[in-house]
Amino acid sequence: LLDELAKDVVDVNRLRLLASDGGVPDDDDGRARALVWKLCLKYIPGDRAAWAETEHARRGEYGRFLAEFCGEPTTTVEGNETASGTSRGVQWIDRHKGDEVAEQIDRDIARVHPDMHFFNDEGGGGKAARRKDEMRDALYVFAKLNPGVGYVQGMHEMFGCIYYVFATCSDDAQAANAAADAFYCFTEIFGEFRDVFVMELDATDQGVRALLDTLSDMLAEHAPEVHRHLHELQLATSMYAFRWITLLFTQDFDFADALRLWDVMLASPRSRKECLLRLCVACVLNIGSDLIESDFATCMKMLQHYPPVDIRRITRLAA
């Protein structure tokens, strides 16, 4: 995989096959994962010579979105001032008083991954506060540009995952533009999962209930004994897999393990929805023998608070 990334023209299809086989190596200070995600999400093309121009154009466009929707110019996108008021002593929400969308985003971002220093560096020089404001800005811009969807609770977890990968990349120039890059990659992912977040589609064959029904059918096919036992207990897929699907595993696994699941999902040669469902099936299969021997309460606890696991086992089962 690293050899493929080093080429002047990356074969993106080959890269996806390599990355979908267990994920991206963790031994290069985050640069490989950031590049793989950008390539898989079509943020940059395979031709390395076009990367700088593509990124410059998109970051410039994002800067204009910030200026239009978020107001005060203070933070930087490729050396140009854009928008975020925190460094001038202005709280982000103060610039959006009375805006219900902004208030919901503000509440959600305030509690994103409270156990991670990256997002919560009390006394750490304010880097986490700046990062959170960049995340607030990006989600607010997305809501403004997509009024049919707006902002839906849970988007902050998805965006936070992408933003973390780009902001922790050891390439300083890339890390400095994490919010802009994450905005476009989030938009690409969300385009595939949009129907899951639209409440009006919940009861249709496009919404989240349809995905949960498909998951139940897949369990019946690949794990019939486990499926039968859970059915007898009246433990529906919606009781445990709803969060897996709507938050793409970001709250149910160790963060590093969630990143590896995202590696596989973003790179999968299958549709990402199908890969997500296969990963859900693998999660159930992995603890299937324990589930079969357990009552309702124990099954629910195992599925809602997933036990520690070698995440490579999940990705192998889903392959």
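Predicted model: local features only at pLDDT ≥ 70, side-chain atom pairs only at ≥ 80, totals over all residues.
## Helix H10 and its neighbours

H10 itself covers residues 208–222, a run of 15 residues. From its first C-alpha to its last, H10 reaches 21 Å, close to the 21 Å expected at 1.5 Å a residue.

## The crossing of H2 and H3

Helix H2 (residues 12–20) and helix H3 (residues 31–40) have axes that come within 10 Å and cross at roughly 125°. The two helices are therefore oblique to each other, and their crossing is left-handed.

On the H2 side, the contact involves Val12, Leu15, Arg16 and Ala19, which meet Val36, Leu39 and Cys40 of H3. Sorted by class, the residues of this contact comprise 6 nonpolar, no polar and 1 charged.

## Aspartate 263 in H13

Aspartate 263 belongs to helix H13, which spans residues 255–267. The residue is buried, with a relative accessible area of 0%. Leaving aside residues up to four places away in sequence, aspartate 263 touches Ala19, Gly23, Val24, Arg33 and Trp37. Of these, Ala19 also takes part in the contact of H2 with H3.

Aspartate 263 and aspartate 3 are 260 residues apart along the chain, and their C-alpha atoms are separated by 17 Å.

## The packing of H5 on H6

Helix H5 (residues 100–110) packs with H6 at an angle of about 145°, the axes being 10 Å apart. The crossing in which H5 passes H6 is right-handed. H5 contributes Val101, Ala102, Ile105, Asp106, Ile109 and Ala110 to the contact, while H6 contributes Lys132, Met135, Arg136, Leu139, Tyr140 and Ala143. These residues divide into 9 nonpolar, no polar and 3 charged.

## Arginine 136 in H6

Arginine 136 is placed in helix H6, residues 127–145. With a relative accessible area of 9%, arginine 136 counts as buried, because the cut-off for that class is under 20%.

When residues up to four places away in sequence are not counted, arginine 136 touches Trp92, Ile105, Asp106, Ile109 and Ala110. Ile105, Asp106, Ile109 and Ala110 are also among the H5 residues that make the contact with H6.

Conventions
Residues numbered from 1 in each chain as written. Heavy atoms only, no water. Axes fitted to C-alpha atoms, helices over the stretch in contact; angles between N-to-C directions. Helix = DSSP H or I, 4+ residues; strand = E, 2+ residues; numbered from the N terminus. Parallel < 35°, antiparallel > 145°, perpendicular 65-115°, else oblique. Left-handed = near helix turned anticlockwise from the far one by under 90°. Contact = heavy atoms within 4.5 Å. Nonpolar A, V, L, I, M, F, W, Y, C, P; charged D, E, K, R; others polar. Expected span 1.5 Å × (residues − 1). Buried < 20%, exposed > 50% of the residue type's maximum accessible area, 1.4 Å probe, protein only.
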